[in-house]
Amino acid sequence: MGRLHAAIDVGGTFIDVIMCDAETHELAVLKLPNELAGREQSLLKAIEQLTEQFGANIGEIDTIVIGTTVVTNALLQGTLARTGLITTQGFRDVLEIARMERPAPYDLQKRRPAPLVPRHLRLEVRERVDADGQVLCPLDVDSVVAAATALRDADVQAVAVSLLFAFANPTHEQTVRGILAQELAVPVSLSSEVLPVFREYERTSTTAINAATTLVIDRFIESIKLLLDRGVRRVYIMGSEGGCLTLQEARRYPVRCIMSGPAGGVIGGLRLATRHGLRDALTLDVGGTSTDVALLQGGALPYTDERTVGGYAVALPSVEVETVGAGGGSVAYIDPTGLLRVGPLSAGADPGPICYLRGGTRPTVTDAHVALGHIGANAMLGGNFVIDRDAATRGIEEQLGRPLGLTWARAAQGILEVVTANIVRAVRAISVERGHDPRGLTLIAFGGAGPLHALDVARSLEVPRVLIPRYPGVWSAYGILTSDISYSGYLTWFRTWNEIDVSQLAAVFDRLVGGLGARVASDGLHAAPLRIDRAVDLRYRGQSHTLTVAVDELSAPGVARAAEAFHLEHERRYGHSARTDTIEVVNIRATIVYGRPTPDHIAEAKQHARPAGAAPQHRLVWLSDPEPALCPVHQRDSLCSGQILEGPAIVEQYDSTIVLSTGDTVEVMEDGLDLLVHVRPARDNHQGTATVSR
Amino acid sequence: MTTRDNNAAGAASDPIVLELVRNSLLSVCEEMAEALVRSSHSPNIKERRDCSCSIYTPRGEMAVQAEHIPIHLGVMPYALGHILGQFAPERMEPGETYVVNDPYYGGNHLPDFIVAGPLFLGDKLVGFAASMAHHNDVGGASPRSMPATSTEIFQEGLRVPPIRLSRKWEIIDDVLRLIAANSRTPHERIADLRAQIATVRLAQRRIDELGQRYHPDGLIEAVSRILDLSEQAMRTRLQALPDGEWQGESVADYGTAMFPIKVTIRKQLQGIIVDFTGTSPQCRGPFNSCLSNTYASVFMALRVVLGGGIPPNGGLYRPVRMIVPEGTILNPNYPAAVSAATQVSYHTFEALMRAFAAVIPDAVIADSGGGGVFSFGGLNPRTRELYAYGEAIGGGFGASASGDGENAAMPPVSNLHDTPVEALEMILPIRIEEYGLVEGSGGSGRFRGGLGIRRSFRFLAPATCSFQVSMSRKAPMGLRGGCDGAPTRIRIVSPSGHATTVNAFMHYDAQPGDLVILETAGGGGFGPPEARGSDLVESDIVNGYVRSASGEPTHEPRAGSEAPYVRRGERA
């Protein structure tokens with residue numbers, strides 16, 4: 001068995017790779033620009049390069065987990081399989097009605113994306129099942145054959161089947177699949193398997209996305225086969241829910257990979273929180289095009305079932321992050337009233353910021369950092385990524401400074417102040433929504449640009465502490481590396497919780513877990529699972545929204561504990577509970593988790609080892625003052641555990657940069673890995689704030 | 001991050017500081033809304049987020065709003081204005097809040113309660129915070145306080161003129177008990193009003209925090225400057241339009257009665273007058289819109305056609321003057337009923353679109369269908385409890401110069417969601433037998449109007465139904481040569497199969513087995529049908545968006561088919 005474990009996070013701007021030795025816990029990282037052409041080859045090269053650092057060959061790799069955006073990109077770019085949809089008679093337009101929502105209430109010209117399946121490929125069959133799963137109208141086989149024939153003649157490449165109340169009785173969908181198989185040989189996704197949960201639009205949309213992305217995931221899995229051919233024992237794909245998926249599971253449910261990247265970041269944040277004994281924390285992941293923020297509560301990942309990607313509903317559970325269009329590539333511009341605004345338009349990686357010299361012409365957040373000296377000209381990726389400070393400064397001066405009557409430096413500082421304010425709004429929104437005051441929390445910052453912004457974000461929120469991992473720029477990859485294998489299921493089962501029959505509850509959970517077990521067995525996993533998690537979605541009668549609570553035991557006391565947990569969570573999130581009201585259970589959820597060997601502790605990476613305690617260099621840096629200051633620039637690799645630095649200072653490393661203002665202090669934690677920043681409060685020092693005073 | 005010069009005038013003109021102030025206040029509004037949704041009890045507020053929050057200048061002009069319900073945001077400044085008319089700002093104390101729901105005092109319709117209070121930095125009044133929320137029931141003739149056939153506002157629920165609601169953040173118990181006693185769901189009223197007070201208090205706390213960064217005078221000046229900048233930007237946009245006078249007309253129908261809404265827009269240099277002279281006298285039913293709701297519809301129209309990209313605030317509307325004659329459906333005399341005000345606002349909006357079509361055709365849309373309300377209630381056999389349920393159903397969105405109208409969407413001033421069929425059937429004694437698009441309902445044109453919705457309800461238990469759905473007599477009109485959409489049609493099919501077409505504003509007692517088939521109106525088309533691209537024509541046929549046995553699209557208006565009253569859209 002190989003000793004090396006690796007994770008790859010394919011982001012919009014960079015591909016991050018991380019590798020660890022399960023025996024020595026040594027870790028190595030690599031970051032490459034994401035060039036579309038020859039991506040598989042460059043991935044292989046990256047893996048080879050890292051393997052060499054461990055003095056090993058690819059055959060010694062046990063596992064690679066890949067976080068990929070192929071499914072998301074296919075959806076955003078419309079490169080999908082030609083897909084047919086079969087629905088109950090009278091309901092083929094549900095997919096197009098899409099809850100009647102318009103994307104922008106104040107923009108009359110903005111439209112929803114085209115329906116995922118065009119109307120002529122949405123066909124109806126005669127059948128009807130009611131809410132209890134009783135058949136009101138038996139399935140008319142002739143109508144199914146007619147639909148199958150029509151779809152065959154239309155050369156569809158995949159078919160989704162979504163019949164009303166199929167979650168309560170899947171037999172009609174199963175019969176449809178059988179008939180389809182006789183008429184055409186294409187992948188078929190059933191709503192009763194992809195998402196057996198009520199709400200027909202969301203279920204149909206999720207099932208249609210699953211069908212439409214089967215070819216994309218097949219091609220992707222084919223392309224990474226070369227890793228297996230070279231001797232890698234196992235390859236997994238990161239799932240949206242925070243567990244990784246076997247290749248077979250990813251093929252069955254490509255739609256479960258849709259939030260692969262952000263999920264990795266939040267798991268990485270959770271690992272850090274757990275390591276430092278934090279039950280609740282905020283995570284801040286600032287990347288090239290956007291910022292993801294999440295709230296960790298009670299040492300658990302936050303989930304949501306309400307997500308849209310490219311305007312299409314994806315109702316499978318995914319790690320809950322709030323995304324703001326504020327990243328390194330966010331474009332700064334002057335609005336019609338003359339105010340300086342930043343984002344959500346992003347220059348992305350292509351053409352990218354002006355300073356990358358790849359054709360970008362509009363000033364971005366990264367250009368501001370480069371112009372102000374926060375990011376050194378040779379600091380990125382160990383000097384392997386060249387940036388042009390003069391071009392950045394010129395762009396800001398010409399496009400923002402001059403028209404606004406400001407110096408370039410003030411305009412650049414303004415870009416950062418505005419982007420910080422945008423991020424702060426998102427953090428406030430997620431914490432307040434969950435009934436949390438951010439002031440008591442620690443902010444965990446990562447993503448290539450996370451440590452550049454985290455301190456100012458924390459200052460604005462009055463968050464006193466910022467925790468920065470050893471490799472912030474590849475921390476999502478670290479999260480992916482440490483993820484467990486999971487199989488999850490989710491089923492609508494509508495009953496009165498107060499009058500629940502425990503044996504019925506046990507039976508329905510057995511059915512759900514049994515279905516998961518069949519997938520596990522078919523994927524060839526034999527070891528005993530690490531654990532099986534069970535949960536229910538409860539609500540007070542009369543409500544439509546639910547809260548998810550764990551069921552720790554399938555017994556009368558277990559049912560009572562879940563009810564109590566529901567009252568408490570309702571109290572916390574909504575400020576009140578109604579203990580005498582009837583509680584309804586709407587959905588049940590189960591997850592089978594298999595552990596993987598993960599680095600619970602990391603040693604110093606080898607490749608950048610430099611003598612500890614090396615003297616810092618200095619360069620001119622503009623912090624919050626109009627004039628620059630000569631600022632010490634420390635190399636992260638030369639900091640030793642227990643060392644304390646005081647701002648103003650810059651800490652540079654291969655994958656990120658940290659900017660400390662006057663009054664901020666950073667401490668290298670005892671393990672020598674993570675940095676703890678004590679943030680100077682804004683109110684202590686009016687030097688550090690934008691002041692309007694008389 | 002930076003110390004700016006200590007001169008307020010200088011700092012308040014710094015485009016970065018102004019953006020930061022604007023952003024901070026926007027964050028306060030968003031947080032207010034989150035807190036309101038979190039701690040209210042009404043399902044409308046909690047689950048459909050039928051609520052809005054905003055912050056005002058000391059003079060009562062809207063400074064910053066979080067993007068919620070367009071019509072709320074337009075109404076709130078008027079409600080605040082009436083509060084300030086009743087209570088002098090200089091005598092207001094911190095911790096005081098005021099409540100109003102009466103449309104004749106700046107409200108929308110009675111279920112919408114506005115709670116507002118002053119914001120102080122030290123002793124200095126720096127502005128106001130307000131929230132508006134749709135309470136589930138405020139009494140009146142029918143549950144949910146939206147009766148279809150009311151003739152006076154007294155039948156629509158409890159009127160609350162501007163009164164004090166709290167002192168030192170403590171709710172005034174006498175007021176609370178009075179409001180609660182007039183609601184079918186008193187506990188919700190108590191929780192919702194407490195939540196609305198807490199929302200203002202949260203805003204005060206956030207303003208206190210801003211006070212650590214900004215001097216009160218500097219803050220007031222910065223906000224005032226933000227409004228001035230929006231005003232200037234709006235005036236620049238107006239200046240760029242040619243001077244002139246443009247007229248638009250829309251016809252609102254309440255059952256069989258027709259109510260023309262006429263608007264004349266006079267634009268000169270940097271100012272604009274919106275004049276509704278010639279608009280129909282008020283309706284005897286609930287199909288009226290009080291002034292505040294009318295103003296809100298006009299502001300929505302102005303913002304979407306002229307205000308794109310300009311931070312929305314009171315400054316945007318300073319160049320606007322309005323003339324709305326008394327006794328019309330847009331400014332009815334007390335005590336006219338107004339519970340269907342939102343549907344009137346769809347037509348007000350359309351009249352403005354039609355006027356602007358003459359001068360900025362690329363910015364407008366043709367008429368949209370949908371937005372009517374279908375409510376029913378009775379005894380639920382499953383729970384043996386009484387239930388009341390209502391839903392707004394979208395229709396076809398109007399087409400525009402940029403493309404076809406959206407199929408199945410709520411009209412522009414609203415933005416509500418549908419209720420999933422499966423969610424409905426799990427709870428209520430009802431079966432939905434069809435939920436789809438009405439083929440051929442979109443008005444033809446270079447760009448086609450969106451398709452309306454067909455939703456069929458089979459009743460499984462006796463129920464009392466109420467239809468409040470306009471556009472059955474007067475279909476949404478096309479623009480610039482585009483054809484009209486199909487009108488609303490409601491049919492009731494008895495268990496024996498006998499179908500009757502019924503009035504769109506009425507009460508009806510449904511028996512088990514009855515099938516109600518609701519077809520909402522399609523959107524108007526834009527531009528002459530002959531100019532439609534051949535690829536679009538083909539797609540319409542392939543996808544069955546047009547109704548035609550021969551495979552030819554229905555380019556001609558459907559006059560003479562089922563709706564002889566459908567007129568060809570104007571060719572501007």
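This is a predicted model: local features need pLDDT of at least 70, side-chain atom pairs count only at pLDDT 80 or more; totals for chains, interfaces and linings use all residues.
The radius of gyration here is taken over C-alpha atoms, and the globule rule is 2.2 Å times the number of residues to the power 0.38. Residues are numbered from 1 along each chain as its sequence is written, and chains are lettered from A in the order in which they are written.

Now, chain B. A compact globule of 572 residues would have a radius of gyration near 25 Å; chain B has 24 Å, so the two agree. The C-alpha trace spans about 75 × 60 × 45 Å along its principal axes. Of its residues, 61% count as buried, meaning 20 or more other C-beta atoms, placed from the backbone, lie within 10 Å of a residue's own.

Next, two helices of chain B. A helix is a DSSP run of H or I, at least four residues. The axes of α2 (residues 15-39) and α7 (residues 216-240) come within 10 Å and cross at roughly 95°. Axes are lines fitted to C-alpha atoms over the stretch in contact, and angles run from 0 to 180 degrees between N-to-C directions. So α2(B) is roughly perpendicular to α7(B), a label for 65 to 115 degrees.

Who makes the contact? From α2(B) come Val17(B), Leu18(B), Val21(B) and Arg22(B); α7(B) gives Leu219(B), Ala222(B), Val223(B), Arg225(B) and Ile226(B). Contact means C-beta atoms, placed from the backbone, within 7 Å.

Definitions and conventions. Angles under 35 degrees count as roughly parallel, over 145 as roughly antiparallel, 65 to 115 as roughly perpendicular and the rest as oblique. Two residues are in contact if their C-beta atoms, placed from the backbone, lie within 7 Å. A residue is buried if 20 or more other C-beta atoms lie within 10 Å of its own, exposed if 12 or fewer, and partly exposed in between; C-beta atoms are placed from the backbone.
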